[in-house]
Amino acid sequence: MFDLLGVSPQVLFGQLLLGLINGSFYALLSLGLAVIFGMLNVINFAHGALYMVGAFVAWLLLNYLGLGYWWALFLAPTVVGLVGMALEKTMLSRLYKLDHLYGLLLTFGLALILEGAFRHQYGVSGQPYPIPDLLKGGQNLGFMFLPNYRGWVVAASLIVCFGTWFAIERTRLGAYLRAATENPVLVQAFGINVPVMVSLTYAFGVALAGLAGVLAAPIYQVSPLMGSNLIIIVFAVVVIGGMGSILGAIVTGLGLGLMEGLTKVVYPEASNIVVFVVMAIVLLIKPAGLFGRER
Amino acid sequence: MRSLLLAGTALLTLTSGAAFAQMSNDVIRIGVLNDRSGIYADLAGEGSAIAARMAAEEFGGKVAGAPIEIVVADHQNKADIAASKAREWVDTGNVDVIADVPNSAAALAVQGITRDKKRIFLMSGPGATALTGAQCSPYGFHWAYDNYAMAAGTGRALYEQGKKNWYFVTADYAFGQSLEEETTKMVNKLGGKIVGSVRHPLGSADFSSFLLQAQGSKADVIGFANAGADATNAVKQAAEFGITQSGQSLAGLLLFITDIHALGLPAAQGLMFTEGFYWNLDDQTRDWSKKFEAKAGKKPTMVQAGVYSAVRHYLKAVDAAKTDDPDKVAAKMRELPVEDMFAKKGKIAANGRMFHDMYLVRVKAPGQSKGPWDYYDVVKTIPAETAFLDPALSGCPLVK
Amino acid sequence: MTAASQATAATATATATATLRGPDAGTARTALLFVVGLTIAALAPFALYPVFVMKVLCFALFACAFNLLIGFAGLLSFGHAAFFGGAAYVTAHAVKVWGLPPELGLLLGTAAAALLGVLFGAIAIRRQGIYFAMITLALSQMVFFMALQLKFTGGEDGIQGVPRGVLFGVFDLTQPLTMYYAVLAVFVFGFALIWRAVHSPFGQVLKAIRENEPRAISLGYRTERYKLLAFVLSASLAGLAGGTKALVFQLASLTDVQWQMSGEVVLMTLLGGMGTLVGPVVGAGLVVTLESYLAATSLPVPVVIGAIFVVCVLLFRRGIVGEILARLPGRKA
């Protein structure tokens with residue numbers, strides 16, 4: 001069956017596994033976007049920039065405070081979350097009564113500022129970030145060599161993704177959140193501080209981006225431009241999954257990672273376009289996305 | 001009233017664009033046009049302007065009685081901004097020379113303008129071989145490197161090291177393909193073999209699957225026919241997947257010292273590629289680079305050193321010709337040997353290519369490096385004659 | 001109108017705050033405005049550097065085309081670079097490689113943009129608001145990758161050395177002033193077309209759709225067709241602007257198809273004033289001026305542009321022209 005693709009099963013498994021690793025980045029980033037969109041109805045164009053900030057915070061912690069990867073794993077998302085909360089309180093919150101497009105435009109401007117500022121300060125070549133000692137080396141799986149760090153990335157992001165899904169869909173806090181998106185006035189009447197909840201949601205969403213940034217730092221160069229190309233792909237993932245759908249973001253992220261991995265074997269030139277082709281097809285058949293509902 | 005206001009706004013908009021003043025012609029004005037904020041900002045950027053100023057200072061800020069002025073602009077990696085800035089400089093700014101211009105599209109656009117308007121163009125940043133090929137110009141001089149030198153030089157030098165079988169990881173667009181093509185031609189000519197290649201889209205973040213395909217090929221050398229972030233990501237991930245440990249060599253086909261600085265030695269060690277300049281070659285280069293570092297805060301790249309050398313040579317030619325007439329200066333530049341810390345006995349061919357020695361370098365292991373920027377072992381000096389494409393084969397109409 | 005608009009502010013569409021005002025103010029004023037504008041434009045190349053003014057005009061037309069969609073149909077496209085840059089490539093290729101005269105090159109470029117517009121529109125028009133923006137963004141990204149990989153676009157080098165040629169066999173475009181007036185003519189044509197469209201029954205229906213689509217549907221309008229038509233018109237004019245730019249600068253490159261270009265045209269329109277006819281022209285002029293001014297300073301360009309974006313969104317949502325119109329005494333109620 002595998003020979004149909006002209007590829008041996010070993011290679012295929014290897015590529016699918018690598019696809020899964022990329023997919024877990026997509027899932028983590030699109031999850032953050034979906035959480036923010038679901039709650040605030042804002043498409044966060046600054047998501048890629050905040051992912052970059054997460055990676056940079058990790059690098060700064062290491063180089064100026066000597067705090068290593070494991071510290072960064074907690075501190076960087078916190079910092080990014082706080083930055084996000086500040087942005088939400090001072091700027092985004094003033095736009096909720098207007099058309100949602102203004103949120104998109106504002107975050108687009110913020111993304112330009114963040115990326116430009118880091119570019120100005122640190123140049124564009126990027127900075128090295130080492131793999132933590134504990135995760136150096138790798139496993140020989142027979143069909144491929146899997147670096148330990150990549151295994152860790154998949155595990156960590158799956159745990160975070162499904163943890164988030166569980167928290168939002170299956171807990172009381174999540175129920176408040178979902179209720180507040182439907183009818184904020186009513187939820188407010190129940191004595192819940194909706195504005196604070198909105199701020200925290202935005203902070204959490206961008207903290208996920210910050211976390212993805214830290215996870216990515218040892219694999220990719222820590223560079224001011226690392227988020228700007230990724231963000232467009234992640235947008236496509238969110239559109240395919242159905243905007244605002246938590247499960248849709250996770251499943252589509254992983255699925256597209258696999259699909260991209262497969263394309264890299266069969267027709268590598270197209271691996272950047274495949275996501276957009278899938279998007280066009282999905283939209284023609286199901287305009288609301290795979291897991292979305294028409295609003 | 002409203003129309004007046006609107007008209008006023010429109011007028012204001014338009015007039016504020018006319019910032020350029022007319023200046024007298026008694027001055028040699030050198031325009032350093034490059035990327036100051038984007039992907040080439042580190043390897044060219046302000047450093048190139050510093051290098052140009054250093055060349056001017058060596059002449060005491062004056063040549064043939066005329067003061068030397070350096071002006072700077074950011075083309076933001078956009079060919080149209082480069083073109084309009086170059087036109088503006090020539091039409092209204094009395095700029096005599098345009099220097100640097102990384103980004104091939106921008107450089108080709110400026111080459112067209114300087115050819116039409118008869119201004120000297122000193123290219124240090126761009127790599128496209130078309131600049132000294134079909135698109136060559138009597139006023140265009142290509143200085144530091146070009147894609148052929150990087151690709152063919154690395155192919156030849158590695159072959160001589162006994163590494164004969166290549167696998168390419170190639171960025172899928174004209175630039176990557178031409179790097180692959182040039183290297184392939186050289187390797188095949190020498191009797192080596194290309195065992196395979198994989199094309200990746202420009203701007204890929206993840207290279208692991210391409211690297212695994214390369215590893216599976218059992219080639220002696222994995223050649224990265226890409227540049228910038230693509231190249232650094234590929235090299236970094238090759239280290240992660242332990243490819244060098246398994247005995248394969250990695251060769252970059254277009255890398256700069258800033259890329260190695262960005263990667264760090266643990267990830268980059270063992271990588272081989274061709275360079276046009278290294279600060280630690282001899283006393284002269286060390287001296288100059290030390291002065292450069294005092295101003296720029298880092299060691300020069302070959303592009304920045306190339307800007308210095310090209311501007312210096314231009315000024316020397318003006319000094320000798322006692323005029324800034326482009327035709328006479330261009331003739332003088334071709335006539336005089338290029339002799340400075342960057343190029344020893346450099347010569348300019350009819351197509352505008354400046355021939356100078358290139359160097360095959362291997363990146364040091366972290367233990368061997370004595371400090372920041374001590375990154376290369378120079379494995380081999382590639383003599384000028386074999387480093388660049390024979391002008392007769394370049395397709396430049398100026399070569400007869 | 002004021003009270004009503006305040007009451008519905010919470011649910012208003014993107015452009016409700018920037019309703020069309022200028023051209024409705026009376027024919028005499030409008031005509032005067034046109035004459036003044038045209039005179040300035042006709043005299044501009046004698047006071048300013050012509051290539052610079054031509055660039056402003058190209059981007060002004062691009063922004064006006066974009067504004068037709070966002071300002072009058074309420075659709076935010078984040079993929080207009082595909083039409084602008086796509087047409088630039090086609091025009092450049094037609095003129096340079098096929099040796100066609102400039103007018104045919106422009107026509108082909110515009111037609112290519114229109115075709116792309118039909119394709120994009122067919123997919124994107126079924127969704128609104130943010131969805132629409134993201135779909136157009138993703139589709140334009142596909143065009144970008146194609147431009148990068150197709151043979152005729154020249155990859156990173158772009159198409160260089162495009163000859164300007166002789167327009168209609170009469171006007172020699174290698175002369176800077178002839179080229180300038182040709183660009184001005186293209187701009188006036190495009191601007192007049194947009195003017196006509198906005199003031200036609202078609203434009204009224206678009207505005208109705210923007211304000212309340214379900215109601216327009218219930219009145220019997222097939223809104224999707226109207227939106228698609230607006231989209232294709234906007235794409236074609238963006239293409240016309242792109243093709244003209246390719247002739248002015250004699251090159252077509254990846255810059256014009258990148259998504260950052262789509263962002264730039266949004267900024268021009270937002271800064272000048274969405275939904276006003278003159279706003280995009282002012283916005284384009286300011287942004288182009290700023291870019292050329294910043295190029296010679298050490299300020300980081302993206303940070304400045306981003307900051308303007310943020311300030312506009314937070315404080316001047318009506319844009320410069322919108323604010324001026326809103327503050328003028330005796331504006332039409």
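User: How many residues of chain B and of chain C does the contact between them take?

Analyst: This is a predicted model, in which local features need pLDDT of at least 70, side-chain atom pairs count only at pLDDT 80 or more, and totals for chains, interfaces and linings use all residues. Residues are numbered from 1 along each chain as its sequence is written, while chains are lettered from A and ligands numbered from 1 in the order in which they are written. Two residues are in contact if their C-beta atoms, placed from the backbone, lie within 7 Å. On that basis the contact takes 41 residues from chain B and 48 residues from chain C.

User: Which elements give two or more residues to the side of chain B that touches chain C?

Analyst: Elements here are DSSP runs numbered from the N terminus: helices (H or I, at least four residues) and strands (E, at least two). The residues of this side of chain B divide into 21 nonpolar, eleven polar and nine charged; Ala, Val, Leu, Ile, Met, Phe, Trp, Tyr, Cys and Pro count as nonpolar, Asp, Glu, Lys and Arg as charged, and the others, Gly among them, as polar. The elements that give two or more residues are α1 (2-15), β3 (66-74), α3 (79-92), α4 (104-117) and α6 (174-190) of chain B.

User: Which element gives the largest share of the side of chain A that touches chain C?

Analyst: In this contact, 35 residues of chain A meet 36 residues of chain C. The chain A side divides into 24 nonpolar, five polar and six charged residues. Two or more residues come from each of α4 (100-122), α9 (226-241) and α11 (274-285) of chain A. The largest share, 16 residues, is that of α4(A).

User: Which strands stand at the edges of the six-stranded sheet in chain B?

Analyst: The sheet is open, with mixed pairing, in the order β2-β3-β1-β4-β5-β6 (chain B). Each edge strand has a single partner strand, so one side of it is left without a neighbour in the sheet; these strands are β2 (62-63) and β6 (140-142) of chain B.

User: What is the bridge partner of B:Ile30 in β4(B)?

Analyst: Two strands pair if DSSP finds at least two bridges between them. Strand β1 (residues 28-34) of chain B pairs with strand β4 (residues 97-100) of chain B in the parallel sense, over four bridges. In β4(B), the partner of B:Ile30 is B:Val97.

User: How far apart are the centres of domain 1 and domain 2 of chain B?

Analyst: Domain bounds come from an automatic or database domain assignment, which gives domain 1 (23-145 + 282-351) and domain 2 (148-275 + 359-382) in chain B. Their contact takes ten residues from domain 1 of chain B and eleven residues from domain 2 of chain B. Taken over C-alpha atoms, the centres are separated by 29 Å.

User: Which element of chain C has the lowest mean pLDDT?

Analyst: pLDDT is the predictor's confidence in each residue, from 0 to 100. Chain C averages 82, and 90% of the residues score at least 70. The highest mean among the elements of chain C, 93, belongs to helix α4 (residues 81-96) of chain C, and the lowest, 36, to helix α1 (residues 2-7) of chain C.
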